[in-house]
Amino acid sequence: MSDTPFGFGLPPEEPDDGDEGKKKDQQSGGGQGPANPFGFGMSGAGGPGGPGADNPFAAMFGSMNPNDLGAAFQQLGQMLSYEGGPVNWDMAKQIARQTVSQGTPDGRKDASVGPAERNAVQEAVRLADLWLDDATALPSGAGTSVAWSRAEWVEATLPAWRELVDPVAERVGNAMGDVLPEEMQAMAGPLIGMMRSMGGAMFGTQIGQAVGVLAGEVVGSTDVGLPLGPAGKAALLPVNIESFGKDLGVPQEEVRLYLALREAAHQRLFAHVPWLRSHLFGAVEGYARGIKVDTAKLEDVVGQFDPQNPEQLQEALQQGMFQPEDTPEQKAALARLETALALVEGWVDAVVHTAAKPRLSSADALRETLRRRRASGGPAEQTFATLIGLELRPRRLRDASRLWASLTDARGVDGRDGLWAHPDMLPTATDLDDPDGFVHREQLDFSELDKMLGEAAGKPDLKKRDQGEDGDDGRDEPKGDGSE
């Protein structure tokens, strides 16, 4: 991620055919690349350290011709007058699309998806779903399959990012208004409003940049272990799949099919475990509730705030103003989130390996590549770490994958997948330490417990859903009633 993730430069114009980046932003230094896409601390002509490097407004406006200055100041006014939620999502979208239009460090530009690529993705997802039928009891969760450009991925996933980020940003916005004594808040109303607008803009810029960089790396809609795209829509990004497989020595068709298996497996899990999405997003929000703002640092920033020096707030955000509370509740929230991510990724890893191993000669190599890729993290993890000290990384993916594989051996596919019927039935962090103990522990008859939980929730038994057996309607009827 950029060393200067916040900034207020103007995004360049973008093409309408997939952000191929054909139009350059000559005024705001669009050729700088992702390392500094906003022109903060950069001069229009001299680059780093050149004229205007110490003045962000000179860097922003100095190289513009007079005809552009009006538009630039108009955008600055819109930023300062923003009165929406805790994050300026319009700015986030602009910055994300700007970052996409600049291309990736390897020089690969975004492009519209052609008919051949679209057909290849649809065929890969169709075949992947067919293979997964033998590897899991959960039916297909992909009602449709789509091939996205990077820009389309940004558009489709922003609603999910908003749901994840807003709870944290709201705490920051409230803290900005609370650091002043109550008797001074009325007098300082305009300043507080300006700071909240600046905070919303900076959060928007930070998230927009991270989402834009992430769009250059992801291969589908579930790469970070969360359902970021629309429900029931399996999505792959052909331009990124090609970049991902370029140096692997594996045929492109096999790479695409393996990634389609992972996307389709995620879709099955999120579609047929109805509580899972809210469980994951709730775990992120629960962790965010335990974030405390360093009010002493914030008070110092507020006391010395200079409207002509807005990067003060930027630097405060970068220097760790937000820290998790060291409490049992916060540690439990973090463990809950990390365990949930590990269980999702571990299940997908185990199921995809079962489906791919007999059919793809490169299955083992691709599995290890994907494991290392997830373990190393990326811009999404860095964004959350910068903002709230949280990394969306399945630290225990290998442990969880071994546990799911052992459950398959001990209980079969139905017994393994039946654990998704209720969150209380899933393995815990302690169980990941002792997978054999969990697998062979004396437990209730899960088929009966699944049935009871399904009745209580008004839903059919997870494992019988496809066969239509025990098709109760949620009423308190004896076992056997329903579809018979």
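Buried means under 20% relative accessible area, exposed over 50%, and partly exposed in between (1.4 Å probe, protein chains only). The model is predicted: local features need pLDDT of at least 70 and side-chain atom pairs count only at pLDDT 80 or more, while totals for chains, interfaces and linings use all residues. Residues are numbered from 1 along each chain as its sequence is written, and side-chain values use heavy atoms, with hydrogens and water left out.

**Exercise 1. Classify both partners of the salt bridge between lysine 357 and aspartate 364.**

Step 1. A salt bridge is a side-chain nitrogen of Lys or Arg within 4 Å of a carboxyl oxygen of Asp or Glu. In this pair the closest N and O atoms are 2.5 Å apart.

Step 2. Lysine 357 has 44% relative accessibility and therefore counts as partly exposed.

Step 3. Aspartate 364, at 40% relative accessibility, also counts as partly exposed.

**Exercise 2. Describe the salt bridges of arginine 268 with aspartate 129 and aspartate 133.**

Step 1. Arginine 268 is buried, at 1% relative accessibility.

Step 2. The closest N and O atoms of arginine 268 and aspartate 129 are 3.1 Å apart. Arginine 268 lies in helix H9 (residues 252–272) and aspartate 129 in helix H4, so the pair ties together parts 139 residues apart in sequence. Helices are DSSP runs of H or I with at least four residues, strands are runs of E with at least two, and both are numbered from the N terminus.

Step 3. Aspartate 129 is buried, with a relative accessible area of 11%.

Step 4. The N to O distance from arginine 268 to aspartate 133 is 2.8 Å. Aspartate 133 is in the loop between H4 and S3, 135 residues from arginine 268.

Step 5. Aspartate 133 is partly exposed, with a relative accessible area of 45%.

**Exercise 3. Which residues are linked in a network of salt bridges?**

Step 1. The search of the whole structure finds 20 salt bridges.

Step 2. The network links Arg396, Asp399, Arg402 and Asp433.
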